[in-house]
Amino acid sequence: MFEDNNIWLLLFAVLPAILYSLLIYHKAPKGIVKSRPMWSYILIGLLSIQILNIIHFSFPHIHKHVETQTVIHDMGDGFFIHTQEPTLWAIFVFAFFQVAFFEELSKWFAFRVGNAIRGDTRSGIDSPFAVMFYSVMIAVGFAVFENIHYAGRALWGDLSGVNPNEMLLVRSLNSVVVHMLSGLFMGYFIAIGRGCRSVFKHAGYTFLGLITAATFHGLYDFNLMKGLTSDDFINIFGINLHITNNLLIIGGLIVSYFMANNLTKKSYTNSGLLR
């Protein structure tokens with residue numbers, strides 16, 4: 001039983017995201033965020049994948065309704081194969097809507113569930129920075145589940161030729177960080193919106209957060225889906241990293257630093273609106 005197990009892969013799928021979370025927690029201004037809600041939101045983030053499944057069940061394969069193109073493959077000896085493949089526009093729709101928008105929407109629903117479970121229904125309870133931080137923790141839970149899911153697919157042969165250890169290493173440096181940054185962008189605008197007395201501004205900032213998170217996430221996915229060549233990657237210490245996406249991540253980290261600094265200086269001066 002103990003000789004044939006995937007405990008190492010499970011730890012590899014979980015630990016990097018948890019270490020990132022603990023690093024942010026310990027770097028946060030003292031007393032602003034609390035450890036118990038942090039773990040609660042991570043666990044709820046794990047369950048957010050079920051919300052995503054419901055969304056995908058309701059709106060399956062939106063990208064397939066977008067136009068396709070005929071591609072001719074020369075097999076040699078005068079033999080050709082015609083296939084119907086998605087256009088760049090169809091890939092765009094899949095990356096930004098079927099994947100990014102629906103995933104970020106499921107995280108937002110999970111965040112609302114976490115708020116309801118805590119019974120924390122007014123803006124003055126959490127500081128603006130804490131609101132953003134807990135949104136990131138939802139994304140951490142989602143990323144952990146996704147890591148486990150893809151590691152399982154690699155082990156079961158669904159991802160032909162993919163080494164699960166190498167995949168998890170790249171995901172720990174890229175995909176997990178993208179999920180966390182998307183959660184941060186969403187949480188930032190939600191936190192700003194909670195300080196508004198106007199219900200329209202409150203909803204507007206929440207929607208802006210959702211769109212910003214989905215756009216960042218969608219750009220990352222679109223860059224991976226639109227067709228790759230060896231020129232798209234750079235090998236660092238034996239790891240092939242997507243150049244454009246890693247520049248995107250670095251830019252996101254820089255922006256997130258200023259966002260976090262801005263929220264540490266803010267506090268709510270009114271009872272705010274219900275979540």
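Predicted model: local features only at pLDDT ≥ 70, side-chain atom pairs only at ≥ 80, totals over all residues.
The chain contains 8 helices and 4 strands. Along the sequence, these elements follow the order α-α-β-β-α-α-α-α-α-β-β-α. The chain has 275 residues, and buried residues make up 45% of them. Among the contacts with a separation of 6 or more, 76% are between residues 24 or more positions apart.

Helix α3 covers residues 88-118. This helix has 31 residues and spans 43 Å from its first C-alpha to its last, which is close to the 45 Å expected at 1.5 Å a residue. Just after α3, residue G119 adopts a positive phi of about 75°.

The largest pocket holds about 1300 Å³ of space. Its lining consists of 43 residues, of which Y150, M167, R171, S175 and L224 are the closest to the centre. At least two lining residues come from each of α2 (35-58), α3, α4, α5 (164-173), α6, α7 (199-225) and β4 (239-242). Helix α4 gives the largest share of this lining, with 6 residues. By class, the lining of the largest pocket comprises 21 nonpolar, 16 polar and 6 charged residues.

The second largest pocket holds about 630 Å³ of space. A total of 24 residues line this pocket, and L23, I24, L181, L253 and S256 lie nearest its centre. Helices α1 (7-27), α4, α6 and α8 (243-264) each provide at least two residues of the lining. The most comes from α8, which contributes 8 residues to the lining of the second largest pocket. This lining is made up of 19 nonpolar, 4 polar and 1 charged residues.

A search of the whole structure for cavities of 30 Å³ or more finds 1. The largest cavity contains about 30 Å³ of space. Its lining is formed by K107, F111, S135, I138, G183 and M186. Three helices, α3, α4 (128-155) and α6 (175-194), each supply at least two residues of this lining. The residues around the largest cavity divide into 3 nonpolar, 2 polar and 1 charged.

Definitions and conventions: Residues numbered from 1 in each chain as written. Heavy atoms only, no water. 1 Å grid on protein atoms, 1.4 Å probe; cavity = no way out; pocket = protein on both sides within 12 Å on 5 of 7 lines; lining within 4 Å. Points joined across faces, edges and corners; volume = space filled by probe spheres on them. Nonpolar A, V, L, I, M, F, W, Y, C, P; charged D, E, K, R; others polar. Expected span 1.5 Å × (residues − 1). Buried < 20%, exposed > 50% of the residue type's maximum accessible area, 1.4 Å probe, protein only. Contact = heavy atoms within 4.5 Å.
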